[in-house]
Amino acid sequence: MQRHLISAADLTRDDAVQILDTAEEMARVADRPIKKLPTLRGRTIVNLFFEDSTRTRISFEAAEKRLSADVINFTAKGSSVSKGESLKDTAQTLEAMGVDAVVIRHGASGAPYRLANSGWIDAVVINAGDGTHQHPTQALLDAFTMRRRLVGRDAGLGRDLAGKRITLVGDVLHSRVARSNVDLLHTLGAEVTLVAPPTLVPVGVDTWPCEVSYDLDAVLPKSDAVMMLRVQRERMNAAFFPTEREYSRRYGLDGERMAKMPEHAIVMHPGPMVRGMEITAEVADSDRCTVVEQVANGVSIRMAVLYLLLGGNQPAVTHTRTEEK
């Protein structure tokens, strides 16, 4: 493992499988009466969030506390950032406090890379989403969910997603989740197809390790997993499609379309969902939809990442030994 986790593209197949297998161990901790490990006791982790977040921030905080780390939560609103403080000054302030790791979400693509390589701070940096660039832990939890559902919880240990056909549908242009998933799923051997309106397909997508289609109905029958992406209006500065109704009719997933998918196929969404836009309530609430499962798996994946980057060589989960009498 490298020292920082900035991009899903930085992970080798062995790195990714190691994280997924470690997350499987961490998931067992959630089944215990006391969901706590002493692995990161005495380590200080700062959650540095310059953008709004619900799932990611709470998930990282839960993961850190389950590993017994000391947690500091930082939000840009109500901090000196609102007074004009730069990322450099914020980083140097954290360095002076002696933090061991920084989990950063930032609206500018490349901010986590800058923080990790600038020399401003001597701490592990984990990217929790930067602009439209990358969101590596989201891609890892998505792959973890796919492996559990499509390969099996125990059967999946040590295995990748070779041969699985994954379809990502929606606003690919503004989606860091799509970019991270394409990189990681390709590394794990999956076949990825992007489906989106032509206006929401990035320039240069032909260099990505995936296929591109504009016909959702043609792709669904041969997909093992379909991930719906939210239309990110907050990042849009133009009209990319005529109306919401038109978008939903062409690229939304409803019950009729879900019926075209293979019986074993699953429906995924990174959240937050816009019901009635990219996904109907019928699909979102069905047994095939893994949204809530993805949130639970997110805690396990982030525990695994924190353990592997900060935990040293000690075992993640200690098992009590019963002596023979």
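Visitor: Which side chain is joined to that of Arg176 by a polar contact of 3.2 Å?

Guide: A polar contact is a pair of N or O atoms within 3.5 Å; within protein, one must be able to donate a hydrogen and the other to accept it, and residues adjacent in sequence count only if both atoms are side-chain atoms. Here the partner is Glu51. This is a predicted model, where local features need pLDDT of at least 70, side-chain atom pairs count only at pLDDT 80 or more, and totals for chains, interfaces and linings use all residues. Residues are numbered from 1 along each chain as its sequence is written, and side-chain values use heavy atoms, with hydrogens and water left out.

Visitor: Is Arg176 buried or exposed?

Guide: Buried means under 20% relative accessible area, exposed over 50%, partly exposed in between (1.4 Å probe, protein chains only). Arg176 has 9% relative accessibility, so Arg176 counts as buried. Arg176 lies in helix α6 (residues 176-187). Helices (H or I, at least four residues) and strands (E, at least two) are DSSP runs, numbered from the N terminus.

Visitor: Which residues does the UniProt annotation "binding site" cover?

Guide: The unreviewed UniProt entry gives Lys83, Arg176 and Arg230. Its positions are in the numbering used here, feature names are shortened, and annotations may be inferred rather than shown by experiment. Arg230 lies in the loop between β8 and α8 (244-251). Contact means heavy atoms within 4.5 Å. Leaving aside neighbours within four places in sequence, Arg230 is in contact with Asp171, His269, Pro272, Val274 and Glu278.

Visitor: In what order do the 5 strands of the open sheet stand?

Guide: Strands of a sheet pair through backbone hydrogen bonds, either parallel or antiparallel. Two strands pair if DSSP finds at least two bridges between them. The order is β7-β6-β5-β8-β9, with parallel pairing. β7 (211-213) and β9 (266-268) stand at the edges with a single partner strand each, so one side of each lacks a neighbour in the sheet. Inside, 4 bridges join β5 (residues 165-169) to β8 (residues 225-228). Val169 stands opposite Met228 in β8.

Visitor: Which residues point one way from β3, and which the other way?

Guide: In a regular strand the side chains alternate between the two faces of the sheet. Ala101, Val103 and Arg105 point one way from β3, and Val102, Ile104 and His106 the other. In β3 (residues 101-106), 6 of 6 residues are buried.

Visitor: Which residue stands opposite Arg105 of β3?

Guide: Phe49 does. Strand β1 (residues 44-49) pairs with β3 in the parallel sense over 5 bridges.
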